[in-house]
Amino acid sequence: MKQRFLRLTAMLLSLVTAVCLMPAISTEAAPEISAKACVLMDAQTGYLLYAKNADEKRPMASTTKIMTVLLTLESGDLDTPFVVDSDAIHVEGSSMGLQEGDIVTKRGLCIGMLLPSGNDAANAAAVAVSGSVPAFLEKMNARAAEIGMTRTCFASPSGLDAEGHGASAYDMALLAREALQNPEFAEICSQPSMTLSYGNPPYARTLKNTNKLLTMDSTIIGVKTGFTDAAGRCLVSACEREGRRLICVTLFDRNDWADHEALYDYGFANAADVQAEVPQDLTIPVEGAAAESVGVYVKTPLTLTAWNGACAKTEMQVLLPPFLTAPLKKGDAVGEIVYTCGEIEVVRLPLCLREDAEAV
């Protein structure tokens, strides 16, 4: 349907939505953060509530595995057992305990990456998805470009230090935003522990999540920890309160648990709903009906969040075909309204018919 709209668009409106009804601006000062780089992002729009050296490329340790897991999940065939690659699992650092000859699944490797941060799982997943680690790195960097991660280079699927390997705090927030839209990723990264079966022969074992925020704060929904000597303590997390979602990234932060909690308290302290503008009195020509045109509308307008009195400015595009042919039924989706914030697509909402149009 999207391609048809692009070919046949008769109406294309582009404007900055007028977001009004702002709440009173909070007088609360932003907290002092010990991280060398940090961002606090509105997951809906990509709007930054807080930033410190946000565009500085730095090593990001095992938060790298967010991309490795996302690509593994997107590769499909998650539950077919296979024998893990023997060479891939011989890697230093954190591990999910894989041994030569172990029988695993891609889903199990994803759990092993997101919970105990297994470097063995990351390398094994890279080989399982792409046939080799170098081929998987190409896939990682291509996906990063699609997401808009302009200050990122993946040179390791696990996050172990490697020449050129690094990303900005802003890029890691973009990655987390993308990954959390994958339901399977969101489910796994939110679990304090999970029980799964693998080995030779497979047997059940419980893996614990290194993200302590999950047990410190019930509103935390993920995402991933990381540490190397060069990267320091790295943490990407996400938090949901009253239906709103924020993403926080800290790189090289000795006080990351407390910093993330302080930033979330700051961000959510004065948040309010605002309605994005919707086009009024939209109509589309109709062939073969008594009426020359029918009205279209958005059933559920977009609700944005104003954070401490400020809100992201979104652009709106209305996509409709040049005409419709009767008969038509009230409520049918016939077009789209697309909201974007900079390079980020916020949402696509269907445009629906206001009334029937009988054929004559």
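Residues are numbered from 1 along each chain as its sequence is written. Because the model is predicted, local features need pLDDT of at least 70 and side-chain atom pairs count only at pLDDT 80 or more, while totals for chains, interfaces and linings use all residues; side-chain values use heavy atoms, with hydrogens and water left out.

**Aromatic rings**

Rings of Phe, Tyr and Trp (its six-membered ring) pair if their centres lie within 6.5 Å; planes under 30 degrees apart count as stacked, over 60 as edge-to-face and the rest as tilted. By this rule there are 2 aromatic pairs, shown here.

| Pair | Centre to centre | Angle between planes | Type |
|---|---|---|---|
| Tyr264 and Phe268 | 6.4 Å | 35 degrees | tilted |
| Phe268 and Trp307 | 5.7 Å | 70 degrees | edge-to-face |

Together, these ring pairs link Tyr264, Phe268 and Trp307 into a cluster. Helices (H or I, at least four residues) and strands (E, at least two) are DSSP runs, numbered from the N terminus. Tyr264 and Phe268 are separated by about one helical turn because they are 4 residues apart in helix 9 (residues 256–268). The other pair links distant parts of the chain, as Phe268 in helix 9 and Trp307 in strand 14 (residues 303–307) are 39 residues apart.

Is Trp307 buried or exposed? Its relative accessibility is 2%, so Trp307 counts as buried (buried means under 20% relative accessible area, exposed over 50%, partly exposed in between, with a 1.4 Å probe and protein chains only). Phe268 is buried too, at 13%.

**Charges over rings**

A charge sits over a ring if NZ of Lys or CZ of Arg is within 6 Å of the ring centre and within 35 degrees of the ring normal. Lys36 has its charged end over the ring of Phe252, 4.2 Å from the centre, and Arg205 lies over the face of Tyr198, at 3.7 Å from the ring centre.

**Nonpolar cores**

A nonpolar core is a set of buried Ala, Val, Leu, Ile, Met, Phe, Trp, Tyr and Cys residues joined through side-chain atoms within 4.5 Å. The largest has 62 residues, of which Met67, Leu98, Met172, Leu175, Phe185 and Val249 touch the most other members. Helix 6 (residues 169–179) gives the most to this core, with 7 residues. Another core, of 29 residues, lies apart from it and includes Leu304 and Met316.

**An open sheet**

Two strands pair if DSSP finds at least two bridges between them. In the order 3-2-10-9-8, 5 strands form an open sheet with antiparallel pairing. Within strand pairing, Val236 stands opposite Val249 in strand 10.
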